Amino acid sequence: MMGWGSPLEKENVDLGLQRFEEQNPDITVEWIHIPVAADQQVALKTAIAGGTAPDVFWSTPYRDFVALGAAMDVTELMEADPVLGAPDYFLQPQETERATVNGKWFGIGSCWVAPHIYYNADLLAEAGIDPPSPNPAEAWTFDEFREFGRQLTIDNNDRHPGDEGFDVNNVRQWGVSWPTFDIALAGAIYSNGGYTWGTDYTAGHGSPEALQAIQAIADLTNVDQIAPVPAVLQQMGMSDWQALASGNVAIIITGSWALQDIAQLDFNYGCGVLPVFQEPATVLLAHSHCISSDTDNPEEAWKLLAYLSSDEYQLGLIKVGLWLPSHTTLLTPEGIESWMTEGVHPEGYDLIVTDYVANYGHNLFYPAGYAEANDLIVAALDPVWIGEQTAQEALVDSGALEEISAHLQEQQAQIADV
Amino acid sequence: MEYRAVASAEADVQPVVGELSIAVRGSRLSLRHKEALAGYIFILPAVLGFILWTAGPMLYSLWLSFHSWNLVQSPKWIGLGNFREMWNDRIFWTSVRATLTYAAILVPLFQLLSFAMALLLNTKIPGIGFFRAAFYLPVVVPVAAASFLWGFIFNSEFGLLNYVLRELGFDKILWFQEPRYAMAAMVIMSLWLFGGTMVIYLAALQGVPEHLYEAAALDGASALRRLFVVTIPMMSPVIFFNFVLGVIGALQIFTQAYIITDGGPQNATRFYSLMIYQKGFRDFQMGYAAALAWVLFAFILLLSLLVFRSLGKMVYYEEEGR
């Protein structure tokens with residue numbers, strides 16, 4: 001099996017594999033671990049090219065492998081499995097949308113992760129602001145978010161944006177940080193009623209709703225002046241949760257996966273659902289597990305795949321805050337009790353999992369050709385984040401979206417015959 | 001046993017190790033042959049390595065450049081298809097522009113800086129060794145590790161560089177968010193590595209004969225004039241060498257862009273090598289990547305030939321007395 005992960009993540013996967021081997025004494029799993037996902041993708045492609053593809057591999061955008069015939073169709077095995085084949089086992093309809101291509105099962109998801117709010121409880125208490133709620137019914141509106149962000153943005157002379165003499169070049173505490181990488185940005189777009197990548201291989205970034213959401217995020221920095229330039233906290237050497245812990249930012253939007261790291265830092269934090277544009281929404285994603293079509297050990301590979309889709313395996317990483325459940329069994333009261341960990345999951349976090357994710361979480365669709373398409377979007381949006389262009393100018397007027405659509409059409413043609 | 005001294009039939013006469021041939025039961029393994037054989041055996045690993053891991057793969061990639069290969073299925077012959085695609089590829093031209101711009105800015109600055117520092121450090125004051133070592137140190141830092149650090153230094157909000165600028169009263173610079181500043185940052189990161197070339201210039205400086213300086217001084221040449229009529233002409237072979245190597249290296253810039261910017265912002269740092277990597281390993285287009293690599297090779301080859309024909313003519317080689 002070829003996958004990735006931070007040292008903590010690797011530890012938990014190791015434990016899982018150990019248990020699998022205990023339960024299946026005739027199978028040994030060689031776990032080829034490559035620390036960074038991007039590097040693992042290169043290693044995976046190289047292995048496939050060299051004819052030494054791993055039996056099971058991790059991949060978040062896995063449809064490219066399906067289109068080229070590198071992944072095995074596991075539909076029959078799925079349907080025959082008493083546990084996995086049950087219609088309500090996985091969170092639906094998200095899992096079917098994620099794991100199937102043309103109705104056939106290829107990439108069963110490992111878990112779910114979703115972007116939401118993390119806040120520094122002390123900074124909010126200082127400013128006298130009621131923290132955002134993990135209950136989607138009580139979510140902040142985007143305008144409330146902007147107003148609270150304004151109150152939480154303080155320059156070296158204790159002034160706020162909008163105050164006379166506010167110096168945006170000498171801010172000691174930023175109110176908010178909403179990153180612009182695909183996952184975080186998608187949260188805003190879906191909340192405004194738009195979408196990013198469609199299952200019909202269209203790019204939704206050019207719709208009025210999407211453009212509005214993108215512009216609103218850019219304006220947080222350039223107009224409202226309550227957020228640092230987005231790239232700043234996404235660059236090397238600085239992560240947004242470190243900025244949260246050190247009090248440089250009061251509220252950040254980042255993935256639920258950050259909980260594992262945030263829980264290790266010594267400060268009072270809380271979690272809330274994303275601010276609402278039109279309706280509460282977030283996006284769901286995670287890496288899928290696929291069986292290589294070249295495998296010499298299909299039965300053993302399936303057994304491993306089935307184990308990787310079990311509650312037992314998923315539980316270890318949900319407990320430490322890295323993953324969110326994708327099985328309905330872990331969303332029941334008993335299920336929740338089995339993974340909520342004090343010191344990791346803040347009060348009310350179960351609502352994020354049972355209500356927010358389940359009822360308002362959209363599967364973030366990864367079409368074949370995603371890597372290149374996303375790169376094109378990122379390059380097109382660069383001038384928007386520094387206020388050089390509007391979202392409309394950068395995506396629509398420039399013709400960028402046409403180029404992206406053409407690319408997606410090509411990819412769709414390739415995968416149509418699978 | 002018979003000992004026969006055989007006079008050498010060839011023109012060169014080796015006085016000590018001559019053509020002493022010892023007849024041993026019908027086989028004549030002369031000392032010269034033995035030495036040759038030993039020589040070949042010693043260079044065999046290097047030659048084999050070159051064939052297996054350089055020449056061989058290069059030939060394979062040349063073959064591959066006429067195919068379309070998605071890494072999963074077998075390569076498909078498409079003739080000049082990759083080269084046609086390249087011509088029409090927007091990203092290709094963007095990449096060429098970015099790479100040439102970078103090289104055009106970096107190489108003159110880099111050579112000037114290395115040369116100037118070498119002149120400065122070509123003194124015998126105590127402690128000069130420390131400075132020479134200090135300026136060389138960046139060269140031994142792994143580029144990937146240094147890139148991470150530079151990412152922090154250039155961070156627009158929390159980075160060291162903007163902190164200094166703020167303290168001096170300037171506005172923060174959006175280093176990796178604005179295209180021209182991203183290019184400037186790339187140049188700065190590469191200039192930091194001037195120590196390696198400086199050391200070469202230093203060595204060459206110390207090879208310039210003192211008597212030429214004395215002669216020039218006697219004729220009334222100022223220090224500056226001596227620089228232009230003695231130092232630079234005498235060092236011209238080394239300057240030329242460093243310049244050619246500098247250009248070749250600059251056109252292949254990769255690591256900093258791969259680690260920090262991933263080609264952004266707005267493709268300002270989408271250098272050619274990075275594009276090859278992305279096409280081959282990200283977009284499943286290894287045949288196209290191979291074609292791109294060969295175009296780069298051909299371009300650098302042609303450019304080097306051009307430089308040799310033009311600047312090469314201006315180089316003064318002492319032995320040849322030109």
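The model is predicted, so local features need pLDDT of at least 70 and side-chain atom pairs count only at pLDDT 80 or more, while totals for chains, interfaces and linings use all residues. Residues are numbered from 1 along each chain as its sequence is written, chains are lettered from A and ligands numbered from 1 in the order in which they are written, and side-chain values use heavy atoms, with hydrogens and water left out.

**The interface of chain B and chain A**

- On the chain B side, 36 residues are in contact with 34 residues of chain A, where contact means heavy atoms within 4.5 Å.
- The two chains bury about 3000 Å² between them, with 58% of it on carbon and sulfur atoms; buried area is the accessible area (1.4 Å probe) that two parts lose on being put together, summed over both.
- In chain B, the residues that lose the most area to chain A are B:Phe158, B:Gln266 and B:Phe284, together 20% of what that side buries.
- Chain B's side draws two or more residues from each of α5 (143-153), α11 (255-261) and α12 (272-282), and α12(B) gives the most, with five residues.
- Helices here are DSSP runs (H or I, at least four residues), as are strands (E, at least two), numbered from the N terminus.
- By type, the chain B side divides into 14 nonpolar, 11 polar and 11 charged residues; Ala, Val, Leu, Ile, Met, Phe, Trp, Tyr, Cys and Pro count as nonpolar, Asp, Glu, Lys and Arg as charged, and the others, Gly among them, as polar.

**Pairs that link the chains**

- A:Glu372 and B:Lys279 meet in a salt bridge, at 3.7 Å from N to O.
- A:Glu372 lies in helix α16 of chain A and B:Lys279 in helix α12 of chain B, so this pair joins two chains.
- A:Asn169 sits in the loop between β8 (154-155) and β9 (171-177) of chain A, and its side chain makes a polar contact of 2.9 Å with that of B:Asp171.

**A helix pair in chain A**

- The axes of α9 (residues 208-222) and α16 (residues 370-385) of chain A come within 9 Å and cross at roughly 40 degrees.
- α9(A) and α16(A) are therefore oblique to each other.
- From α9(A), the contact uses A:Ile214, A:Ile217, A:Ala218 and A:Asn222, and from α16(A), A:Leu381, A:Val384 and A:Trp385.

**Backbone features**

- A cis peptide bond joins A:Gln92 and A:Pro93, with omega about 5 degrees.
- Another cis peptide bond joins B:Gly264 and B:Pro265, with omega about -10 degrees, and B:Pro265 is in the loop between α11 and α12 of chain B.

Terms used. Axes are lines fitted to C-alpha atoms, for helices over the stretch in contact, and angles run from 0 to 180 degrees between N-to-C directions. Angles under 35 degrees count as roughly parallel, over 145 as roughly antiparallel, 65 to 115 as roughly perpendicular and the rest as oblique. A salt bridge is a side-chain nitrogen of Lys or Arg within 4 Å of a carboxyl oxygen of Asp or Glu. A polar contact is a pair of N or O atoms within 3.5 Å; within protein, one must be able to donate a hydrogen and the other to accept it, and residues adjacent in sequence count only if both atoms are side-chain atoms.
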